[in-house]
Amino acid sequence: MHPAFSVIFLTTLIGVGQGLFLALFTVESYAAFGLLPAQDGRFYALGSAIALGFLVAGLVASFFHLGRPERAWRSAAKWRTSWLSREVIVLPAFMAAVFLYGAAHFTGFNPVLARLPSGAPVNITAILGVAGTALAFALFVCTGMIYACLRFLQEWHTPLTVINYILLGGASGFVMAAALSAQAAPEVAGFLGGWAMILTVLALVGRTAALVRNARLKPKSSLRTAIGVKHPRIVQKSQGAMGGSFNTREFFHGRAAGFVRQVKWIFPVLAFVVPLGLLVAGFAVAAFAVQYLGLLAERWFFFAQANHPQNLYYRAVS
Amino acid sequence: MTQLALVIDLNVCVGCHACVTSCKEWNTSGQAGPLTDFNPYGADPTGTFFNRVQTFEVGEFPNTETVHFPKSCLHCEEPPCVPVCPTGASYKRKEDGIVLVDYDKCIGCKYCSWACPYGAREIDEQQKVMKKCTLCVDRIYDTSLPEIDRKPACVKACPTSARLFGDVHDPESEVSKAIRESGGYQLMPEWGTQPANHYLPRRKTRLRIFDDELVRADNPLKIEGKPLPRPAKSEPSLDDVTSW
Amino acid sequence: MSAVPASVQEVKKTTCYMCACRCGIRVHLVDGQVRYIDGNPEHPLNQGVICAKGSSGIMKQYSPARLTRPLLRKPGAERGAGEFKAISWEQAFSILAERLAKIRATDPKKFALFTGRDQMQALTGLFARQFGTPNYAAHGGFCSVNMAAGMIYTVGGSFWEFGGPDLDRAKLFVMIGTAEDHHSNPMKIALSKFKRNGGRFVSINPVRTGYSAIADEWVPIRPGSDGALLLAIIHEVIAQGLYDRDFLVRYTNAGQLVNLDAKSDEFGMFLRTEVPEEEGCFDPQNKLWWDRASNKPVITHTEGCDPYLLGEFKLSDGTPVKPSFQLLQERVRDYTPEWAEGLTGIPAATIRRLAQEMGVTARDQKIELPIAWTDSWGKDHDTVTGNPVAFHAMRGLAAHSNGFHTIRALAILMSLLGTIDRPGGFRHKAPFPRPIPPCAKTPNTPLAVKPNSPLDGMALGWPAEPDDLFVDEAGKPVRIDKAFSWEYPLSVHGLMHNVITNAWRGDPYRIDTLLIFMANMAWNSTMNTAEVRKMLNDKVSDKDEQGEYRIPFIAVCDAFQSEMTAFADLVLPDTTYLERHDVMSMLDRPISEFDGPVDSVRLPVLAPTGECKPFQEVLIELGTRLKLPAFVTKAGERKYRDYPDFIVNYETEPGSGIGFLAGWRGKGGEKFMRGEPNPRQWEMYAQNNCVYHHELPRSYQYMRNWNRGYLDWSQRSRITRYAEPILIHLYSEVLQKFRLAAQGKGITRKPPEHLKQRIETYFDPLPFYFDPLEVQATDTHKYPLAAVTQRPMAMYHSWDSQNAWLRQIHAHNYLFVNARTARLAGIEDGDWIWVESQWGKVRCMARHSEAVEPGTVWTWNAIGKAAGAWNLTPDANEAKLGFLLNHVISEELPDGKQRISNSDPITGQAAWYDVRVRISKVSPGETAETSPQFEPLKPYPGQEKRRSLWAYMKGAVK
């Protein structure tokens with residue numbers, strides 16, 4: 001597939017936003033049970049604002065993917081069948097939750113609504129946090145399923161796609177949170193840094209699993225099934241258009257195989273290995289910056305590696 | 001329930017591209033139009049077409065088959081491009097099974113094209129909406145046209161009548177008979193998309209000559225008093241190897 | 001979705017001209033702009049179908065390559081630079097008329113008119129003849145004249161416009177040497193029906209594309225060796241007794257006795273019982289057979305007699321004689337399948353099997369149609385018999401210097417199988433069959449060219465003997481292209497490919513004005529392109545800035561900015577086919593069907609763009625201004641208002657009743673072929689799908705060479721002058737007459753000394769195989785590969801490089817090389833390579849292929865373009881990646897100290913496919929673009945700006 005920058009930015013940016021929100025609410029939850037020192041509402045508000053910033057940036061990027069962005073509102077229509085439609089609904093809902101969560105913290109309007117049997121207070125940010133967490137996971141699932149549901153894109157058609165969206169988004173969000181806390185809430189920096197490392201390791205495992213799986217894939221389709229001629233040696237001579245077509249632009253990465261191979265080795269280093277080192281060394285901001293670059297490369301590779309069966313029909317001109 | 005479709009006979013397709021440009025010509029000024037061309041007079045000209053003819057070589061010299069292969073939307077019975085569309089712009093008509101795009105609803109997200117294993121959809125990069133073969137839905141029901149013209153433009157144009165058009169659910173239709181009798185098949189059956197369009201394979205006619213057909217009583221050489229063809233005396237015979 | 005309302009549409013019928021096929025089309029207009037062009041279902045030729053080109057007519061109509069104003073080369077600008085200023089038609093006409101009037105008053109042959117299309121010859125030929133110049137021809141000489149001449153000199157008809165395979169009834173169809181898409185839609189329609197009816201289709205071709213792709217069997221063959229294959233098949237057919245003896249006896253000259261007295265002036269000629277005056281175009285029935293019953297000579301076709309076809313006999317005066325079939329058998333005796341295997345690359349067993357398939361199918365699957373007919377000798381037949389083996393062939397056989405004999409061999413094979421004008425075999429199309437050879441003759445003396453007079457004879461004709469040649473006392477050519485000279489005696493379509501070189505060299509003389517219509521002689525229609533471009537721009541003296549060009553004045557009429565227009569002094573903008581009247585005339589090449597004559601018209605459906613004017617109008621206007629007799633009254637007044645008026649009212653002679661259109665003649669349109677002019681004739685064509693179809697009675701539809709009813713009808717209709725039977729010339733006396741002249745025998749003219757050997761060798765009355773002349777002159781170890789071209793279906797017979805839709809399909813071309821051949825040369829798929837012949841080299845990209853014979857490389861022709869031509873951007877694929885093979889093909893071959901055309905020595909057919917090349921990978925670092933490159937052309941005044949994006953929709957053109 002052709003890696004479109006709009007989609008690369010969309011998925012990586014909202015991933016950070018989702019992960020960051022999850023990190024914030026994790027801190028709040030731990031704090032509610034006294035497992036972490038309680039933080040000032042401004043910390044959550046600032047974090048939510050940053051998360052929202054990533055989400056808005058992702059949303060903006062997504063518009064560049066649309067031919068007719070002015071009609072984007074229509075895309076909520078088919079939520080019963082389309083993961084894309086679901087994502088379109090869940091993303092704003094999640095953004096609303098993040099906004100409200102941050103606003104509640106910022107304004108300090110955080111009345112206790114109920115109490116758990118243990119006596120722990122359930123206030124409005126907790127409700128918003130749970131809702132936001134549910135939406136964040138829903139959004140990960142939607143985003144992942146957009147790709148994972150395309151069954152003939154075999155590189156994507158695996159639960160690993162969804163898992164990795166969660167892990168990669170989560171890791172980048174927690175690294176971001178660690179970076180943020182280093183400045184705004186040093187008491188939880190260690191906690192967040194720890195989780196950032198755990199998630200980064202898990203993401204490394206998940207992504208490596210996908211790489212291993214994909215390296216072993218056997219394409220289900222071949223020229224034999226594509227044109228229905230049973231012969232071991234079929235070679236295309238002409239695809240019917242010499243100046244290129246939508247089919248040659250949308251479904252091919254257009255780079256040399258060597259370049260793709262390089263990206264395949266570079267992105268795990270940037271997205272996982274180097275950030276882990278930087279986190280250990282306590283450079284959380286740098287860790288985030290490098291990891292985000294790594295994720296851009298990872299997402300580029302995610303698209304580039306996906307070999308669409310239509311490509312069987314677009315191999316030669318003459 | 002009706003399922004309109006094309007049946008493409010690779011046995012007679014000579015790869016002339018008549019279906020390609022007749023489709024472009026009808027549709028660029030039709031409901032799907034315009035079908036934009038970029039760099040029409042410059043480097044790497046490229047435009048939107050609903051139908052392409054491709055060429056494949058099968059086998060190795062001298063046992064080579066050259067296969068011309070027209071490809072357009074296959075109007076799948078289980079079209080994977082339809083459920084993924086977030087706006088409902090992509091839909092399959094209940095009444096005749098044609099898969100269409102509502103150009104007023106399409107947001108140009110290209111997701112449907114990702115969901116099509118055949119590469120049948122092409123975005124119009126000037127109109128910014130997804131387009132594809134409509135089976136000339138704006139011709140086939142047009143009662144102001146004479147009956148014989150109510151066919152997709154490609155079917156009408158095809159000089160070898162390699163393109164048959166009809167209802168593949170009607171067992172008595174020309175297309176169903178062709179599929180049944182000539183071994184019609186679907187593309188990439190492994191994905192379960194159930195394409196409505198079918199392809200008919202190459203068929204070979206062979207001739208067998210028996211030796212006795214070469215030496216007959218009415219051989220004209222006889223009239224001339226000439227000996228009939230017979231093996232040279234020097235060719236091997238049983239006399240060379242046995243004496244009983 | 002609702003249907004587009006049809007009420008806004010207007011539908012006009014006319015005839016396509018996107019190629020030379022001439023299908024009926026319907027042009028659907030919305031607000032006067034073209035919305036859709038489809039096939040006319042009521043048209044006999046295409047029956048409603050349409051091809052890729054026809055469907056892209058819109059993009060031709062609105063192409064930015066169109067010329068819209070007459071243009072004059074800017075003073076001081078070089079030819080080829082394309083620097084023009086726009087002028088008025090009045091200026092254009094006065095420049096031309098003034099110049100031509102002077103030429104006509106002094107030496108009319110200094111004006112040469114050559115046209116790219118041969119379906120307008122009735123008018124262009126008339127103009128040239130009226131002008132008085134012998135220097136006129138269409139593109140046949142560089143296209144397929146061998147196919148026309150080889151077949152017509154043998155069976156009295158040929159393929160495409162003149163006849164074709166009857167695939168409705170054939171059981172076995174053999175296509176040999178037919179490029180991609182010849183005879184486009186009718187062939188496709190027929191081929192598809194044939195295959196669906198279970199017919200067996202064998203394609204013999206070095207390349208498997210197009211029609212060959214769907215063949216049941218592909219027989220790859222080395223280019224130029226088809227003659228060897230056909231002779232070996234003939235060998236096998238005769239050896240197995242698989243020929244149709246009855247057919248040969250009655251309908252060919254197989255049984256006629258040939259004089260073999262080596263001392264006689266009549267050596268090699270048929271014996272005649274008496275020697276009456278014989279015109280060159282018919283063949284009296286005064287030859288002899290050796291009767292089997294009485295064992296003595298009898299007049300052919302004597303009732304109750306049956307001749308020997310084999311054997312040798314002595315007349316009572318001791319003259320040794322043999323039936324011509326015996327000579328044929330002797331000729332092919334050594335042409336065994338094993339011999340042919342070495343030349344063709346086809347296994348001997350395959351050749352033998354092909355011969356047997358043909359022979360057995362013809363013999364055992366006979367068709368008997370219950371159609372009673374009477375032959376020329378008065379014998380009644382209750383049925384028409386068919387031997388269902390059909391053939392089609394074209395340039396693959398023709399465009400070789402040995403093509404004439406190859407095609408004679410094919411025609412003879414078709415005759416041996418008994419398939420001529422019979423169901424399931426080869427069928428004629430009116431006005432064919434013609435006598436062998438046809439009656440039209442050129443003058444035979446330079447005295448026929450006189451100032452201020454029409455040419456005394458036709459510019460093109462069919463020589464029957466040396467005395468018909470168009471040469472002077474010394475045997476030197478009268479025509480600029482040396483057609484009908486001893487160099488190429490039967491060059492019945494001229495040699496357009498040598499006109500520029502000859503005129504540049506002044507051999508046989510210099511000319512003043514060259515008028516080219518619709519031919520790209522500075523690019524894909526010429527051989528040796530780069531040099532010919534220099535010749536066009538060459539001055540008599542290099543030092544003289546104002547020096548006269550070697551070809552002093554060049555006028556070009558074309559609808560598009562071709563490479564050729566750049567070399568013109570005067571450019572005349574032609575219309576497209578949608579803007580003009582045209583006729584597909586019986587005087588020319590009509591669109592007849594097997595069942596009878598058909599002619600048709602083209603009607604304008606749009607007003608001309610800009611100041612475009614149809615070339616016919618230009619000719620009529622010029623003819624009128626020059627006061628050529630056919631175009632003015634006795635008083636010298638304008639006779640015809642315009643072309644449509646000319647078509648209606650012109651008669652070949654005053655009161656002849658024969659005009660350009662055969663249908664709806666007579667005052668009320670009640671007559672066919674002959675009749676007074678009908679003022680409503682165009683209207684009647686318009687009401688009838690632009691077609692007049694005269695279906696013959698069934699008994700006249702077959703065996704027309706010898707069908708008394710048909711021949712009488714044809715004579716009464718003045719389709720032919722003679723109603724004599726047209727016996728098939730297995731053995732060609734015409735050729736023997738030239739050979740005798742070369743041997744110094746007889747009273748005819750004799751060839752000049754240096755050509756005697758050539759005439760004696762090649763004018764063999766029976767076909768024989770020789771390596772193509774260029775191959776004989778090539779070190780084939782150095783240049784081992786044959787290089788051939790074909791036009792792709794989507795651009796066949798058309799100038800479609802500028803068509804926005806079609807050029808997306810073929811934007812540039814590759815050289816197809818058999819994968820094994822390529823790898824041996826170290827060439828990978830897609831590599832840039834050099835293709836080199838002994839004449840020149842081009843740089844191009846290679847594409848591996850398994851569908852090409854290993855000794856052959858090939859490419860799509862005329863995809864490569866000069867930068868900026870056709871109003872494409874200079875960086876267009878056509879100019880940067882596409883290439884033209886013509887650069888490695890020479891228009892001449894060395895011939896001792898002289899140079900001679902790279903053509904068939906009999907017909908002058910351009911030997912495009914004889915070239916031998918070698919291929920090699922380019923050096924590292926070489927530019928990845930085609931070579932040679934030329935200075936980019938700029939758009940001319942009046943040309944539309946080219947768009948960078950086009951969303952064409954009806955009504956959205958401007």
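**Exercise 1. How many bridges join β4(B) to strand β5 of chain B, and do the two run parallel or antiparallel?**

Solution. First, the ground rules. This is a predicted model, in which local features need pLDDT of at least 70, side-chain atom pairs count only at pLDDT 80 or more, and totals for chains, interfaces and linings use all residues. Residues are numbered from 1 along each chain as its sequence is written, while chains are lettered from A and ligands numbered from 1 in the order in which they are written.

Step 1. Helices (H or I, at least four residues) and strands (E, at least two) are DSSP runs, numbered from the N terminus. Two strands pair if DSSP finds at least two bridges between them.

Step 2. Count. β4(B) and β5 (residues 65-72) of chain B are joined by 8 bridges and run antiparallel. Within this pairing, Q54(B) has F69(B) as its bridge partner.

**Exercise 2. Is β4(B) enclosed or open, and what is the overall form of chain B?**

Solution. Step 1. Set the cut-off. A residue is buried if 20 or more other C-beta atoms lie within 10 Å of its own, exposed if 12 or fewer, and partly exposed in between; C-beta atoms are placed from the backbone.

Step 1. Apply it to the strand. In β4 (residues 51-58) of chain B, 8 of the 8 residues are buried, so the strand is largely enclosed by the rest of the structure. Both faces are covered. N51(B), V53(B), T55(B) and E57(B) make up one side. R52(B), Q54(B), F56(B) and V58(B) make up the other.

Step 2. Zoom out. Chain B has 6 helices and 11 strands. Of its 244 residues, 58% count as buried.

Step 3. Check the form. The radius of gyration of chain B is 26 Å, but a compact globule of 244 residues would have one near 18 Å. That radius is taken over C-alpha atoms, and the globule rule is 2.2 Å times the number of residues to the power 0.38. The C-alpha trace spans about 90 × 45 × 35 Å along its principal axes.

**Exercise 3. Which elements of chain C touch chain B, and which gives the most?**

Solution. Step 1. Define contact. Two residues are in contact if their C-beta atoms, placed from the backbone, lie within 7 Å.

Step 1. Count. 83 residues of chain C are in contact with 69 residues of chain B.

Step 2. List contributors. Elements of chain C that each supply at least two residues include β3 (33-39), α6 (210-213), α11 (348-364) and β37 (949-950). α5(C) gives the most, with 7 residues.

Step 3. Sort by class. This side of chain C has 41 nonpolar, 23 polar and 19 charged residues. Ala, Val, Leu, Ile, Met, Phe, Trp, Tyr, Cys and Pro count as nonpolar, Asp, Glu, Lys and Arg as charged, and the others, Gly among them, as polar.

Step 4. β2 (residues 37-38) of chain B and β37(C) run antiparallel, joined by 2 bridges. F38(B) stands opposite L949(C).

**Exercise 4. What is the strand order of the open sheet of 7 strands in chain C, and which strands are at its edges?**

Solution. Step 1. Read the order: β5-β4-β25-β24-β23-β6-β7, with mixed pairing. The edge strands are β5 and β7 (136-137), each pairing on one side only.

Step 1. Take one pair. β23 (residues 513-517) and β24 (residues 553-558) of chain C pair in the parallel sense over 5 bridges. L514(C) stands opposite I554(C).

Step 2. α15 (residues 529-536) of chain C is mostly covered, with 6 of its 8 residues buried. Among them are V532(C), M535(C) and L536(C). The cover includes α14 (499-505) and β24 of chain C.

**Exercise 5. Where in chain C is the pLDDT below 50?**

Solution. Step 1. pLDDT is the predictor's confidence in each residue, from 0 to 100. Chain C has a mean of 95, and 98% of its residues reach 70 or more.

Step 1. The stretch below 50 is residues 1-7 of chain C. Where pLDDT is low, the predicted coordinates should not be read in detail.
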